[in-house]
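This report describes the strands, helix packing, aromatic contacts and backbone features of one protein model. The sequence and structure are shown first, and the description follows.

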Amino acid sequence: MNSHASRDKFTGTAVRTAVAFAYRDIIGIDVADLTLDEALTFVNARIENAVHTKISFLNAHNANVAKTDAGFRAALEKFTLFPDGVGVDIAAKLLQGRKFKANLNGTDFIPALLQSAKKPVKVGLYGAAPDVVIKTAEAFSKLNPENDVRVLGHGFINEIEQTTMLAEMERWHPDVLLVALGVPKQELWIADHLTQKHCSLAFGIGALFDFAAGNVPRAPQWVRAIRLEWAYRLINEPVRLARRYLLGNPLFLTRVIAYKFASKSASSGSQNV
């Protein structure tokens with residue numbers, strides 16, 4: 001695919017990139033439909049052009065939260081969203097007849113990004129427990145020793161420390177900022193606090209630091225291949241995740257089906273006018 005200049009959806013900035021992509025409507029939320037290579041090309045172009053871009057990952061849980069939390073739903077309008085997990089694939093199949101091109105969950109995508117960068121990148125980490133974020137920085141530094149990976153703050157800093165951290169971001173201006181405060185706090189924080197002067201890419205990445213630090217085990221590759229990593233996580237963390245998966249997943253599918261019928265009804269009504 002030949003490079004071309006496309007206009008950024010959020011800033012209006014002309015960005016030289018090789019990727020032009022469509023958004024898929026998942027119960028009223030726009031989600032980018034990209035292969036892994038296309039997504040990496042997209043974000044690396046943002047780094048190269050130093051275009052401030054907020055990115056997060058939409059899964060069934062985030063979509064459920066967005067349906068009941070108006071502030072979170074409004075914040076997501078400022079983000080480019082990548083599809084995460086089998087739930088949104090089922091939704092896409094039901095709503096548009098085909099699943100997404102790729103499962104771009106943050107746990108796999110961020111390491112791929114850090115390894116694919118064409119030049120050394122500055123990577124800032126904010127969130128999680130103090131020991132977890134330090135271990136994550138060590139793990140990410142090993143992925144590509146040429147990258148400059150720094151801990152900017154753990155997830156329990158106070159407002160004064162947060163102000164100091166934001167000032168440090170302005171001075172250093174990381175190419176990639178990874179924020180692990182949990183949903184919806186991380187997206188709300190990114191939307192409320194970060195602009196072009198702080199970083200290029202800002203990611204809301206949920207539990208990524210826990211996985212990278214080795215505090216939470218990843219499912220075996222064969223479990224991930226059959227799209228049952230959520231079940232593996234549920235078995236390992238039943239108290240924390242039972243409500244999200246056992247109640248949240250059926251609720252999400254119910255909302256998808258209701259959205260499908262509502263869309264059909266609206267389309268039929270407009271044709272009859």
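Strand β5 pairs with strand β6 (residues 79-83) in the parallel sense over five bridges, where two strands count as paired if DSSP finds at least two bridges between them. Within this pairing, Ile-55 stands opposite Thr-80 of β6. β5 also pairs with β10 in the parallel sense, over three bridges, and the bridge partner of Lys-54 in β10 is Ala-202.

The model is predicted: local features need pLDDT of at least 70, side-chain atom pairs count only at pLDDT 80 or more, and totals for chains, interfaces and linings use all residues. Residues are numbered from 1 along each chain as its sequence is written, and side-chain values use heavy atoms, with hydrogens and water left out.

The protein has twelve helices and ten strands; helices (H or I, at least four residues) and strands (E, at least two) are DSSP runs numbered from the N terminus. Of its 273 residues, 47% are buried. Buried means under 20% relative accessible area, exposed over 50%, and partly exposed in between (1.4 Å probe, protein chains only). Among contacts (heavy atoms within 4.5 Å) between residues at least 6 apart in sequence, 71% join residues at least 24 apart.

The structure contains ten aromatic pairs. Rings of Phe, Tyr and Trp (its six-membered ring) pair if their centres lie within 6.5 Å; planes under 30 degrees apart count as stacked, over 60 as edge-to-face and the rest as tilted. Phe-57 and Phe-203 form a stacked pair, because their ring centres are 6.2 Å apart and their planes lie at 15°. Phe-57 lies in β5 (residues 53-58) and Phe-203 in β10 (residues 201-204), so the pair ties together parts that are 146 residues apart in sequence. Phe-57 is buried at 5% relative accessibility, and Phe-203 is buried with a relative accessible area of 0%. Both belong to one aromatic cluster, whose members are Phe-21, Tyr-23, Phe-42, Phe-57, Phe-82, Phe-109 and Phe-203.

Charged groups also meet aromatic rings. A charge sits over a ring if NZ of Lys or CZ of Arg is within 6 Å of the ring centre and within 35 degrees of the ring normal. The charged end of Arg-24 sits over the ring of Phe-100, 4.9 Å from its centre, and that of Arg-218 sits over the ring of Phe-211, 5.8 Å from its centre.

**Helix α6 and its surroundings**

Helix α6 (residues 130-143) has 14 residues and reaches 21 Å from its first C-alpha to its last, close to the 20 Å expected at 1.5 Å a residue; the expected span is 1.5 Å times one less than the number of residues. Its buried residues are Val-132, Val-133, Thr-136, Ala-137 and Phe-140. They lie on the same side of α6 because they cover an arc of only 140° around the axis, the arc being that of the directions from the helix axis to the C-beta atoms. An α-helix has 3.6 residues a turn, so residues three or four places apart point the same way.

The elements covering these buried residues include α5 (106-116), β7 (122-127), β8 (148-153), β9 (176-180) and α9 (208-212). Five of the six residues of β7 are themselves buried. β7 pairs with β8 in the parallel sense over five bridges, and Val-123 has Val-149 as its bridge partner in β8.

**Loops and backbone features**

Most residues other than glycine have a negative phi, and most peptide bonds are trans. Two alanines have positive phi values, as tabulated here.

The peptide bond from Val-183 to Pro-184 is cis, with omega near 5°, and Pro-184 is in the loop between β9 and α8 (185-193).

Pro-120 is in the loop between α5 and β7 and is partly exposed at 44% relative accessibility. Not counting residues up to four places away in sequence, Pro-120 touches Glu-146, Asn-147 and Asp-175. The C-alpha atoms of Pro-120 and Glu-146 are separated by 5.4 Å, although these residues are 26 apart along the chain.
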